[in-house]
Amino acid sequence: MAMLCKCSGEQFKLEEMPRSPESLATRDYSANASSSRVGDFDSKFDDDQVDEVESALRDTISLNYEEARALLGRLEYEKGNYEAALHVLQGIDLSALKPKMVKSISANFTPTKGRSKGEKLKLPVNLMSVHSVTLLLEAILLKSKSLEGLGRFRDAALECNNLIEIVESVWPHGVPEGVADESKLLDLVHKALVCLPKLWIQIGCLDEAVSAYRRTLVKSWNLTPTTCASLQKEFAVTLVYSSTSTGTNNVEEAILLLLSLMQKMISKEIKFDPDIINHLEFTLSLTGQFQLLASQIESLLPGTYSREERWYLLALCYHATGLNEDALNIIRRSTRVLERKNKAHVQSLLLGAKLCSKNHVCASEGMEFTTRALEFMRGEKRYNHAIGIAYHFLGCCIGNCSRFLSDPEKSKFQHSALKVLFRALEFERHNPEILCSLVCENLMQRKPKAAVQFGKKYLDMVQGCSADGWRLLVLAVSSQQLRKEAEEMVDFIIDETDGKEKLEFLRLKALLQIFNGELSVAIDTYSLLLARVKALEESRIQVVNTEAEELKSIEMEAWLDLASIYIKLESWEDANLCLDKAKCTQLSSPKYWHMQGTFLEAQLMEKEALAAFSVSLSIDPDYVPSMVSMASILRKLGGESISIARSFTRNALRVDPASEDAWLHLGFISQNEGSAKEAADYFQTAFELMESAPVNKFL
C-alpha cells in the first residue's frame with residue numbers, strides 16, 4: 001500500500017534529516033534570518049529584535065521535539081505498528097502549535113496573483129517553516145490512519161477533521177487562485193478530504209458523511225478531475241442508499257451528480273466507469289424517470305453497450321414509462337437484425353413476449369417470440385429459469401389468441417393455454433405470477449372454481465401482499481354468484497389497504513352493492529370514495545403525473561357509475577350532474593360518451609343517443625358497450641337498420657367474445673328476423689355468460 005505520508009508522490013526520507021545540533025527548523029529559521037550564528041545578532045539587531053530572535057530560538061527547540069515525534073511516528077506507521085505510532089504521535093501538542101501553523105500557511109501560501117515573477121515574500125522572523133507545517137499536518141493524518149487501523153473510526157474521523165479545520169481556518173472558501181497545485185500541503189489536505197466521509201460511513205454517521213462530501217465538493221480544493229469524479233460518485237451513492245437513514249430524500253441531488261458524471265464521461269473528461277451508469281439506472285428507476293434514463297442510454301458512446309443490449313435497455317425504459325408500443329417496435333427491430341445474423345438475445349425475446357401477452361392484438365406475435373426463445377434455450381440447464389418465464393408468456397399469448405377463435409379451435413387453444421401455464425409452473429414452482437395468470441385464464445374461460453383455487457394459492461405465496469391478487473379473488477368469488485361473500489372480503493381488504501388501492505376496492509364494493517340491488521347503499525359508498533379522492537388530491541401537492549392521472553381515472557369511473565345508478569332510478573337531474581362532473585374530469589373518454597348516450601336513450605332521445613354513441617366509437621372504434629348500444633337502438637328502428645345492428649353486434653363479439661350483452665342483442669336481432677332456433681342459441685350463450693360473469697371486467 002502506498003504510504004499516506006508521501007506528499008505529491010514524494011516521501012520525506014530519514015536520510016534528509018539534518019544532523020544534531022542543527023535541526024530542520026533551525027536550518028529554516030537560519031535561512032530566514034540570513035545568519036547561522038547567534039553571536040552575530042548583537043551586531044545586526046537592537047535589543048527588542050534580539051529578544052524576538054531569542055524567543056524564536058526557544059520555539060525552535062520546542063518545535064524540534066515535535067518534529068522528532070512526527071518523524072518517529074511516521075516510521076512506526078510505515079512498519080505497521082499502529083499502536084506505537086499512535087503513542088508517539090499523541091505526544092505532539094497540536095493545540096499549542098495550531099495558531100503558529102495557521103499563521104505559517106497564511107503567510108507562505110499567499111497567492112502568486114498580483115506579484116511579479118521572481119519576487120520573494122517578506123516573512124516574519126519567527127515564522128514556522130513550510131516544511132515543519134507539512135510534517136505536523138502529516139502527523140495528524142498518520143494519527144488518523146493509525147486510529148483507523150486500530151478500528152477507532154470515530155476518533156480517526158475527528159483527527160482527520162482537525163487537519164481540514166486547520167487549513168479551512170486560513171482558506172474558508174477553499175484554495176485561493178494562484179496557490180501551487182503541486183504543494184505537499186495540498187496533497188495532505190486532499191487525502192484528508194477523501195478519507196473523512198469514508199470514516200463517518202464506517203460508523204454509520206451518514207449525516208456527517210453527507211456534510212463532509214458537500215464540504216469538499218462545494219469548495220475549490222484544486223482536486224484532480226479523477227479525484228473529484230470519484231468523490232462525486234461516492235457522494236451520489238451515499239445519497240441514494242442512505243436517503244431513508246438520513247431522514248431526507250436526497251435522490252434528486254444524487255441524480256444531478258450522476259448526470260454530471262455522465263456528461264464528463266461522454267466528453268472524455270474522465271475515464272469510462274460502468275458503475276456510474278449502473279447507479280444512474282437504479283436511481284432513475286427508483287424515481288420513475290424512465291424517459292430521462294432512455295435519453296441517457298441513447299447518448300452513450302458506441303461500444304459502451306452492444307447494440308442488442310442498448311436496444312433492450314431502451315425497450316425496458318419505454319415499457320416502464322407505459323409506451324409499450326414504442327418498446328415493442330424497438331424489440332422488433334433488434335430481434336430482426338439478430339435473426340438475420342442467426343443470433344438471439346433471450347432477454348429481448350422474452351420482453352417482446354411479455355409486451356405481446358398484455359396486448360391481445362399482437363398475441364400471435366408473442367407466440368413467435370417465445371417459440372424462438374425456447375428453440376435457442378433448448379437443452380441448456382442454465383436457462384431453466386428463462387424457460388419457465390418463456391412458457392409463462394407463451395401460455396398467456398395462447399389464451400389471448402383463443403378469445404377470437406370459434407369452436408372447435410377456441411376450445412383447443414384454451415386447453416393449450418392452461419397446459420402451457422402448468423408447464424411453466426413445473427420450471428418455476430415458486431413464481432407467483434404464473435399462478436396469477438392461471439387465475440386470469442380460468443376467469444376468462446369462465447371456470448370460477450378453479451380461479452378461486454389458484455387465487456388462494458397465489459395469495460398464500462405472496463403472504464396476502466398483493467392488491468391485484470385480492471381483486472382477482474373477489475372477482476372469482478363474485479362470478480360464482482357469491483356476491484355477499486365477495487363484499488365481506490372487500491370490506492376486509494379496504495381496512496388493510498390505503499391510497500389508490502383503497503379507492504379501487506371501494507369502487508368494487510359499490511359495484512357489488514349495485515349487483516345486489518342495494519342502490520342507495522352504493523350511492524353512499526361512492527360518496528365516501530369521492531371524498532377520499534378529493535382528500536388525496538389535496539394532500540399531495542406535488543404528485544407524479546401518472547399518479548394524478550390514475551386518481552382522475554378513478555374519479556371519472558365513480559361519477560359515471562353514480563350516473564348509471566341515477567339513470568336506473570330515473571333521477572335525471574342527479575344523473576346529469578354526475579355526467580357533468582365526469583365530463584370535467586376527462587372529456588375524451590369513450591365511456592363518458594357511452595354513458596351520455598345511455599342517459600339520452602333512457603329519456604327516449606334516441607337520435608341524440610346515437611350521436612353520443614358515435615362520438616364514443618370515434619374515440620375508440622373497439623369500445624364494445626357503445627357497439628352494443630348502437631345495435632340496440634338500430635334494432636328498435638327496424639327495417640334496413642337491423643342488418644346494420646347485426647354488424648355492430650358481430651364486431652362487438654369479435655373484440656370481446658365473452659360479452660353477454662352482445663350475445664343477448666344478437667339473439668333479439670335473430671328473433672326479429674324470424675330465426676327462432678338461432679335466437680335461442682344466442683340467448684342460451686348470453687345466459688351462461690351472465691351466470692359466470694364477474695362483477696367487473698378484469699382485463
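Analyst: UniProt, in an unreviewed entry, places the feature "repeat: TPR" at residues 660-693; UniProt positions follow the numbering used here, feature names are shortened, and annotations may be inferred rather than shown by experiment. This is a predicted model, in which local features need pLDDT of at least 70 and side-chain atom pairs count only at pLDDT 80 or more, while totals for chains, interfaces and linings use all residues. Residues are numbered from 1 along each chain as its sequence is written, and side-chain values use heavy atoms, with hydrogens and water left out.

User: What is the helix content of residues 660-693, and how far apart are the end C-alpha atoms?

Analyst: The span is 85% helix and 0% strand, and its end C-alpha atoms lie 8 Å apart. Helices (H or I, at least four residues) and strands (E, at least two) are DSSP runs, numbered from the N terminus.

User: At what angle do H31 and H32 cross?

Analyst: The axes of H31 (residues 641-655) and H32 (residues 660-672) cross at roughly 155 degrees and come within 9 Å. H31 is therefore roughly antiparallel to H32, a term for angles over 145 degrees. Axes are lines fitted to C-alpha atoms, for helices over the stretch in contact, and angles run from 0 to 180 degrees between N-to-C directions.

User: Which residues meet there?

Analyst: On the H31 side they include Ile 642, Ala 645 and Leu 653, and on the H32 side Trp 663, Leu 666 and Ile 669 are among them. Contact means heavy atoms within 4.5 Å.

User: Which of its residues are buried, and what covers them?

Analyst: The buried residues of H21 include Val 452, Phe 454 and Tyr 458, where buried means under 20% relative accessible area and exposed over 50% (1.4 Å probe, protein chains only), with partly exposed in between. Helices H19 (409-427), H20 (432-444) and H22 (467-478) are among the elements that cover the buried residues of H21. Just after H21, Gln 463 takes a positive phi of about 55 degrees.

User: What does Glu 269 touch?

Analyst: Not counting residues up to four places away in sequence, Glu 269 touches Pro 225 and Lys 264. The C-alpha atoms of Glu 269 and Thr 226 are separated by 8.6 Å, although these residues are 43 residues apart along the chain.

How values were computed: Angles under 35 degrees count as roughly parallel, over 145 as roughly antiparallel, 65 to 115 as roughly perpendicular and the rest as oblique.
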